[in-house]
Amino acid sequence: MSAVWDYLFGSPAFLIFGTYTLMMIVGLGILLHLQLGVTGIGNFGVAGFWGAGLYAFGIMQVTYDVGFWPALLVATAAGGVLGLITGWVIADLDDDGVLAATLAVATIVYLAIDSEKDITGGRVGLGTIDFPFDVGDRTDLAWLAILFGVVGLLLWYARRVHRSPYGRLLIATGTNEPLARSLRKPVKRTKVGVMALTSAGMGALGGLYGPIVHFLFPTQLTVAITVSVITALVLGGQQRPLGAFVGALLTVGLFDIAIKLYVPLPKDLLEHAFPVTKQIIFGALLIFVLLFRPLGILGRMRRERHVKGLSRV
Amino acid sequence: MDFVAKAVIIGLTEQAPLVLAAMGMALIYNLSKVINVAFAETITLGAYFAQWVNVAFGASFYLSLAISGILAGVLSCVTYLLVFRTAERRGVGPVEVIIISLGLSVLLRYALQFVFGYEARFFETPPPTFMKLFGVGFTSFQLTAFILVVVLALLFYLFVQKTVWGRQVRALASDADLAKVSGINPLLTTLIMWFLAGAAGGLAGAFWGVGSSAKPGLGWDRFLLTLLVVLVGGARGLRGVILAGMGTGVLLSALKLEIAPLRAEIVLLVVFILVLKLRGNRFRELAKV
């Protein structure tokens, strides 16, 4: 029994860090579900909104010595304002324009962090950021519990949205925008609103990630984060709130926790071939799932299943 | 005057491959209505193919350039047949096609590291001679690259606008059903277009690669700018793409002469976002009429 316990939890620091990453991807995936799966906004700049929050939090804590809660508020606001501006830009654009605009916003965030060295530390980095409390050896575990709580809250909110009149408005906007417009639904305001709200959430998640890594670098904001989030959501099911959770378990959970911790790979393989193989599999998953099972593992949203059932009767 | 001359010369010599890449992407966009994110990897692989032929076989840069264009064109056709045609047949939506192309881009970018290695790879070319025009220095190689890009861009333009094949491509792009009824072979025409697009991307990649090195992120780093040039200039056809590409190069170099390079890139992206925003509104106003 003790041997099994040691095997599973023998490297608690690695396990906790892997779970942090998993929770971060799940949280971002739930928010992307509201944008892409429900409202039909293809946000390809997730890393930018998350990074804006991460750096806003870091700058407040390190450069201006602000406390945890105000810093987290600024991180949320940074994501929200960026989302508001992006929402305003993309509200009239087609899918190609949305791709270009969201990618451009993420690139601007990256370039701004890289160029404004006096405030962000540039490539040298920004730190150190500590946990807002100290409970000894269990501090990282307590932070993980908080992260679980935040992600749980996001999941609860996403499920509520599906059942609310607001959710119906989002679904109408995402499913058939011209029809929603002709029915006098405030499509533009809806898109701007959902972008602002969900990007604020991404900013907040970025802020919560600060104490985990302690030190911030622009290289943490690569497109790999966006790819991980999109892969998890697409694999799990982009139309379902739980889709990101299922997808993240099968991708990040498998690669960043299960294989890294429990498969004895040689160090050289772990450093080079493993991350490269992981990205190849993520890319292949995106292609195969969207070609052969476009709604992912969990399939259609419940509302559509219900409507289909009624139409059969 | 001095400032304008500098901006124009630097902009055109440094960003000439951008015009070529944007023309390639625009060909696919106009015909298939697909924004192919994996086009970034066609650019990257163009650089790798040229470097491989140049170093492994001791070929001159210009020979390796031609071979890399052909190989990148073939790769482009293969991706169409295996991925995009399947997506087309299965009726995959536009956002999903973009995500599929993102997946393909990630797959190719990392798979090529298993083939060519993780490190950047350098070309073996003779040292260039340095020249000056209006007080602006540039290498003989940059000048040759610029002239070649202008000639190739012109050839692409003439092919699409003036030849029978080009007319078939445009006919298929504007009305696929009518084109089929007129006896145009859609698969062959589409493949020709994807080949040309891939070749243009590969050549652009080779030009960029020889200026620095062939590395996995080469195409991705230039993808956004290429995409923005296509979206902004594409509304006015290939001529618009060429003008937008050249304008982007000149504007970027002008900005870099005045402010720090990274800030210049930020300003350029903001300008593009505003143009996209204005373009979207204008189309909606037109639609109302």
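After helix 10 of chain A comes His214(A), with a positive phi near 65°. This is a predicted model, in which local features need pLDDT of at least 70 and side-chain atom pairs count only at pLDDT 80 or more, while totals for chains, interfaces and linings use all residues. Residues are numbered from 1 along each chain as its sequence is written, and chains are lettered from A and ligands numbered from 1 in the order in which they are written. Helices here are DSSP runs of H or I of at least four residues, strands are runs of E of at least two, and both are numbered from the N terminus.

Staying with helix 10 of chain A, its end C-alpha atoms are 39 Å apart, which agrees with the 39 Å that its 27 residues should span at 1.5 Å a residue. The expected span is 1.5 Å times one less than the number of residues. Of those 27 residues, 21 are buried, and the helix is mostly covered. Buried means 20 or more other C-beta atoms within 10 Å of the residue's own, with C-beta atoms placed from the backbone.

Take Thr190(A), which sits in this helix, residues 187–213. Thr190(A) counts as buried because it has 21 C-beta neighbours inside 10 Å. Leaving out residues up to four places away in sequence, Thr190(A) touches Leu169(A), Leu170(A) and Thr173(A); contact means C-beta atoms, placed from the backbone, within 7 Å. Ala91(A) is 99 residues from Thr190(A) in sequence, yet their C-alpha atoms are 9.0 Å apart.

Next, a helix pair in chain A. Helix 2 (residues 12–38) and helix 12 (residues 243–262) of chain A pack at about 155°, axes 9 Å apart. Axes are lines fitted to C-alpha atoms, for helices over the stretch in contact, and angles run from 0 to 180 degrees between N-to-C directions. That angle makes helix 2 of chain A roughly antiparallel to helix 12 of chain A, the term for angles over 145 degrees. Residues of helix 2 of chain A in this contact include Gly18(A), Gly29(A) and Gly37(A), and those of helix 12 of chain A include Gly243(A), Gly247(A) and Gly253(A). The contact residues of this pair divide into 12 nonpolar, nine polar and two charged. Nonpolar covers Ala, Val, Leu, Ile, Met, Phe, Trp, Tyr, Cys and Pro, charged covers Asp, Glu, Lys and Arg, and the others, Gly among them, are polar.

Now chain B. Helix 5 of chain B, residues 140–162, has 23 residues and reaches 32 Å from first to last C-alpha, close to the expected 33 Å. Among its buried residues are Gln142(B), Phe146(B) and Phe156(B). What covers the buried residues of helix 5 of chain B includes helix 1 (2–32) and strand 2 (136–139) of chain B.

How do helix 1 and helix 5 of chain B run, parallel or antiparallel? Their axes come within 9 Å and cross at roughly 25°, and the two helices are therefore roughly parallel, which is the class for angles under 35 degrees. The residues of their contact divide into 13 nonpolar, two polar and no charged.

Last, the chain contact. It takes 39 residues from chain B and 34 residues from chain A. On the chain B side, the largest share, 15 residues, comes from helix 4 of chain B. By class, that side has 28 nonpolar, five polar and six charged residues.

How values were computed. Parallel < 35°, antiparallel > 145°, perpendicular 65-115°, else oblique. Contact = placed C-beta atoms within 7 Å. Buried ≥ 20, exposed ≤ 12 C-beta atoms within 10 Å, placed from the backbone.
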